[in-house]
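Biologist: I would like to learn how to read a structure of this kind, step by step. Could we go through one together?

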Amino acid sequence: MTTRPVNDYDSPWKEALELFSPQAIQLLAPDLYALVDWCAPIEFLDKELQAIRHAAVPSKGRKMVDKLVKVRLLSGHPAYLQVHLEVQGRLATEADFRAFSWRVFQYHTLLQIREMRRRGLAAPPPIYSLGILIDQPGAGQAPVTQLVHQDKYLSQKTEFVFPVVELRQWANRLDDLDALAPHNPFVVFVMAQIQASRHPDKTTRLRPLIDLVRRLYGYGYDRDRIGQLVRLVEWVVRLPTDLETDYLQAARQLAQEHEMSYVTIAERVYTQQGLKMGIEQGIEQGQANLLLRLVERRFGAQADDVHEKIRSANSAQLEAWSLNFVDAQVLDDVFKD
């Protein structure tokens, strides 16, 4: 697999939230889901979120993933979903929870102010702020369902309450998730995250990963959806290099049983082997041919200008594009800097 930092949860969560936004909201925020007009397009407001980050008080130490999504309500009015994911370990102390709640409150308030100014509103637009906690301790304790930011001074008081989803609430309910998964692909991603959290020692993850992929093939998704999900599952439930061969053999067998071709780790291994051979032999054309075959296998036949772009690239550029290809969702992702 591609080399990533240990427990790189933030990147796959960002991607899963974009790929499966309606399904994620359905699972994590069903009260909001019931109010959204799903015939209207969804907007991901990365630039607006960046502006809000700059205006917020800098956070120290802990790392969070923040996602801002704009939807349209059945009433016709716009609304915003803020997702705040605790991704760096655990909220272990009361101070950790206070810092998390303060951060969510900041973003909520700054977004209200920004939108009121931009749109000339007399009142803030609807904003749904959601916290997601993974890898939390708390054996024997009920999962957190909401958090509160509170500020008091003399006779004045500010209180902000927002919903929280702790993934450990499903840790012992995989059968329930298994029943939901055929109708909600985001559930499969949550199952992968639970398995990763349950098996922090990567050497123990082979059997759970194979079991999850076996379940996935039985959910009735089409090939493209299965490809997206298998890639995300492998990304979250990362294996040590010495277990990848065993997993690859099992994954190929599962794919063959369901009359599909396995295309994720197999592509990565093929890419890495081809790159190594091309670099050792100094044959740029071999690298170009390999990359072009992989591109057309995933994205279909390509126009002459794509062929020319790949064949005219130097070895360093071909290597960079080949590494981009591993996680590319669209053709443009392959050629990004």
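This is a predicted model: local features need pLDDT of at least 70, side-chain atom pairs count only at pLDDT 80 or more; totals for chains, interfaces and linings use all residues.

Biologist: Which residues of helix α4 are buried, and which are exposed?

Modeller: The general idea is that an α-helix has 3.6 residues a turn, so residues three or four places apart point the same way. In helix α4, which runs over residues 46–55, the buried residues are E48, L49 and I52. These lie on the same side of α4, because they cover an arc of only 100 degrees around the axis. K47 and H54, on the other side of α4, are exposed.

Biologist: How should I describe the way α4 meets α5?

Modeller: In general, two packed helices are described by the angle between their axes and the distance between the axes. Here the axes of α4 and α5, the latter being residues 94–119, come within 10 Å and cross at roughly 120 degrees, and the crossing is right-handed. From α4, the residues E48, L49, A51, I52, R53 and A55 take part, and they meet Y107, L110, L111, R114 and R118 of α5. The residues of this contact divide into seven nonpolar, no polar and four charged.

Biologist: Why does Y80 count as buried, and which residues is it in contact with?

Modeller: Y80, which lies in strand β3 (residues 78–86), counts as buried because its relative accessibility is 2%, and the cut-off for buried is under 20%. Leaving aside neighbours within four places in sequence, Y80 is in contact with several residues, including L45, L68, L111 and Y128. Sequence and space can also be read side by side: Y80 and E43 are 37 residues apart in sequence, and their C-alpha atoms are 9.5 Å apart in space.

Biologist: And is E15 buried or exposed?

Modeller: E15, in helix α1 (residues 10–19), has 16% relative accessibility and therefore counts as buried. Beyond its neighbours within four places in sequence, E15 is in contact with R231, L232, W235 and Q329.

How values were computed: Residues are numbered from 1 along each chain as its sequence is written. Side-chain values use heavy atoms; hydrogens and water are left out. Helices (H or I, at least four residues) and strands (E, at least two) are DSSP runs, numbered from the N terminus. Buried means under 20% relative accessible area, exposed over 50%, partly exposed in between (1.4 Å probe, protein chains only). Contact means heavy atoms within 4.5 Å. The arc is that of the directions from the helix axis to the C-beta atoms. Axes are lines fitted to C-alpha atoms, for helices over the stretch in contact, and angles run from 0 to 180 degrees between N-to-C directions. A crossing is left-handed if the near helix is turned anticlockwise from the far one by less than a right angle, and right-handed if clockwise. Ala, Val, Leu, Ile, Met, Phe, Trp, Tyr, Cys and Pro count as nonpolar, Asp, Glu, Lys and Arg as charged, and the others, Gly among them, as polar.
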